[in-house]
Amino acid sequence: TLKKFEDKYPGQLNLVGLVTDDPLNPNAKISLKKRVWNLLDMPYRVIDEAFILESGLSHGIPVYTGEVKVKSFQRIITKWKPDVILVCVFGQIIDSFTINTPRYGIYNFHPSDLSLHQGAGPAPYDDLAQRHAGTTVWSVHHVSEEIDCGAVVGKSPPVNVLDVKGELPADPLVVYHKLAEALSPLTFFLIKELGRNFELNRPGWIDHIDFESLIPDTIKNRLIQPITGDPWTDVLSIPDDLL
């Protein structure tokens, strides 16, 4: 979505870097036992890691893989000078150095309703199962040094997490794949709002975005449909007419 936005509006968005965990390193300081990497065996970790690297490098975007609370990464991000940082499915606690680097804020996408104190932490699927929930939302929130504790900026429309039988799939990856359909529109409207602030030279963190009123009904209707596919098909991309 970010690359598509960058291609559509050259000069309005410039991707300066991509940062990912190192799930292939057993000594890496990431939550392999708690985060989504725990759901993948080593062959699929290799596939996912290669896909992440290729998605950046193939577009000429520098990629960093590894720990972020180290001097070497601090030197890199100081060189990149990002105006804003977006985070999603990241297995490391981010320190104050990185949090305070971008002038327009650092935002995380988390697949639960943090405004209702639901599903914070590394296991939102377990929270869904325990609550017997049929839907959930993504929360877009400020990143802080405490996990999922930053102020919530906004939420996605409801996303159905049940299959056609009305049951929560046993494989969390199937559920997370369905949830991923909401990420493109959320990213799109967050970038649009950040772009307005940038044009007006208003650095600072965004306090609120009403994503549900911005996202078209066609996308909302898709999100509320039951899960029918497998976790390896393409997820929803931002529609051209929305761009």
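**View 1. The buried residues of helix α7.** In α7, L183, S184, P185, L186, T187, F188, F189, L190, I191, L194 and N197 are buried. Here buried means under 20% relative accessible area, exposed means over 50%, and partly exposed covers what lies in between (1.4 Å probe, protein chains only). Helices (H or I, at least four residues) and strands (E, at least two) are DSSP runs, numbered from the N terminus. This is a predicted model, in which local features need pLDDT of at least 70 and side-chain atom pairs count only at pLDDT 80 or more, while totals for chains, interfaces and linings use all residues. Residues are numbered from 1 along each chain as its sequence is written, and side-chain values use heavy atoms, with hydrogens and water left out. The 17 residues of α7 reach 24 Å from the first C-alpha to the last, close to the 24 Å expected at 1.5 Å a residue. That expected span is 1.5 Å times one less than the number of residues in the helix.

View 2. A nonpolar core is a set of buried Ala, Val, Leu, Ile, Met, Phe, Trp, Tyr and Cys residues joined through side-chain atoms within 4.5 Å. The largest one has 33 residues, and V140, L190 and F211 touch the most other members. Two or more residues each come from β4 (106–110), α5 (124–131), α6 (172–179), α7 (183–199) and α9 (217–223). Helix α7 gives the largest share, seven residues. Another core of 12 residues lies apart from this one, with Y64, V68, F90 and I106 among its members. In soluble globular proteins, nonpolar side chains tend to be buried together.

**View 3. What surrounds F211?** Once neighbours within four places in sequence are set aside, F211 is in contact with V140, G154, K155, L186, F189 and L190. Contact means heavy atoms within 4.5 Å.

View 4. The strands follow the order β3-β4-β6-β7, and their pairing is mixed. Strands β3 and β7 (152–155) stand at the edges with a single partner strand each, so one side of each has no neighbour in the sheet. From one strand to the next, the twist averages 20°. Two strands count as paired if DSSP finds at least two bridges between them. Helix α7 lies across β3, β4, β6 and β7 and runs at about 160° to β4. For such angles, axes are lines fitted to C-alpha atoms, for helices over the stretch in contact, and values run from 0 to 180 degrees between N-to-C directions.

**View 5. Strand β4 and its two partners.** On one side, β3 and β4 run parallel and are joined by four bridges; here C88 stands opposite F109 in β4. With β6 (residues 139–142), β4 pairs in the antiparallel sense over four bridges, and N108 stands opposite H141 in β6. Have a look at β3 too: I85 and V87 make up its covered face, whereas L86 and C88 are on the uncovered one. In a regular strand the side chains alternate between the two faces of the sheet.

View 6. The whole structure holds six aromatic pairs. In one of them, Y104 and F198 are tilted, at 5.6 Å centre to centre with 50° between the planes. Y104 sits in the loop between α4 (96–99) and β4 and F198 in helix α7, so the pair ties together parts that are 94 residues apart in sequence. Y104 is buried at a relative accessible area of 3%, whereas F198, at 44%, is partly exposed. Rings of Phe, Tyr and Trp (its six-membered ring) pair if their centres lie within 6.5 Å; planes under 30 degrees apart count as stacked, over 60 as edge-to-face and the rest as tilted. Elsewhere to explore, F5, Y9, F188 and F189 form one aromatic cluster.

**View 7. Two loop residues with positive phi.** Most residues other than glycine have a negative phi. K81 has a positive phi near 55°, in the loop between α3 (71–80) and β3 (85–88).
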